[in-house]
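Biologist: I have not looked at this model before. Could you put it up, so that we can go through it piece by piece?

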Amino acid sequence: PGYYGPKGQSIIAETLQKIYVNTKIMTKVSCAPQTPVKYFFEVMILETAVHLIIDNLGCEYDKAKETINKSMVYGNIINPLDEINESENKINEV
């Protein structure tokens with residue numbers, strides 16, 4: 001997400017997975033009506049990135065979301081994914 005790029009997304013996903021998936025806090029019921037994978041990637045990771053950008057830039061929520069959208073290309077170039085992320089496979093096990 002945004003200037004964090006695929007590498008940042010992977011780090012955020014791994015951290016959230018440890019907190020919410022591995023501890024069974026995140027369940028199919030808690031993610032409904034979305035699937036756990038969809039909720040994890042479209043809500044949890046995105047919202048975490050937004051709040052990290054708010055903290056980094058000292059900006060408002062809407063400006064952080066705009067920053068994510070405008071900095072995607074930069075993030076993909078500067079922070080590429082170095083290795084395959086297993087997070088999606090583990091989330092499917094929920």
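Biologist: In which loop does Pro33 lie?

Modeller: The model is predicted, so local features need pLDDT of at least 70 and side-chain atom pairs 80 or more, while totals for chains, interfaces and linings use all residues. Residues are numbered from 1 along each chain as its sequence is written, and side-chain values use heavy atoms, without hydrogens or water. Helices are DSSP runs of H or I with at least four residues, numbered from the N terminus. Pro33 lies in the loop between helix 2 (28–31) and helix 3.

Biologist: What is omega for the peptide bond that joins Ala32 and Pro33?

Modeller: Most peptide bonds are trans. The bond between Ala32 and Pro33 is cis. Its omega is about 10°.

Biologist: Lys24 is not a glycine; what is its phi?

Modeller: Lys24 is found in the loop between helix 1 and helix 2. Most residues other than glycine have a negative phi. Lys24 has a positive phi, about 65°.

Biologist: Is Lys24 buried or exposed?

Modeller: With a 1.4 Å probe and protein chains only, under 20% relative accessible area is buried, over 50% exposed, and in between partly exposed. Lys24 has 65%, so the class of Lys24 is exposed.

Biologist: And is Ser71 buried or exposed?

Modeller: Ser71 sits in the loop between helix 4 (61–70) and helix 5 (72–78). Its relative accessible area is 10%, and therefore Ser71 is buried.

Biologist: Which residues does Ser71 touch, leaving out those up to four places away in sequence?

Modeller: Touching, or contact, means heavy atoms within 4.5 Å. The side chain of Ser71 also reaches the backbone oxygen of Thr67 at 2.6 Å. Beyond four places in sequence, Ser71 touches Gly2 and Tyr3.

Biologist: How are helix 1 and helix 3 oriented to each other?

Modeller: Axes are lines fitted to C-alpha atoms over the stretch in contact, with angles from 0 to 180 degrees between N-to-C directions. The axes of helix 1 (residues 5–21) and helix 3 (residues 36–57) come within 10 Å and cross at roughly 110°. Angles of 65 to 115 degrees count as roughly perpendicular. Helix 1 and helix 3 are therefore roughly perpendicular.

Biologist: Which residues of helix 3 does helix 1 meet?

Modeller: From helix 1, the contact uses Gln9, Ile12, Ala13, Leu16, Gln17, Tyr20 and Val21. Their partners in helix 3 are Phe40, Phe41, Met44, Ile45, Thr48, Ala49 and Leu52.

Biologist: At what angle do the axes of helix 3 and helix 4 cross?

Modeller: These axes come within 9 Å of each other. Helix 3 and helix 4 are roughly perpendicular. Their axes cross at roughly 110°.

Definitions and conventions:
Helix = DSSP H or I, 4+ residues; strand = E, 2+ residues; numbered from the N terminus. Polar contact = N/O pair within 3.5 Å; in protein donor to acceptor, adjacent residues only side chain to side chain. Parallel < 35°, antiparallel > 145°, perpendicular 65-115°, else oblique.
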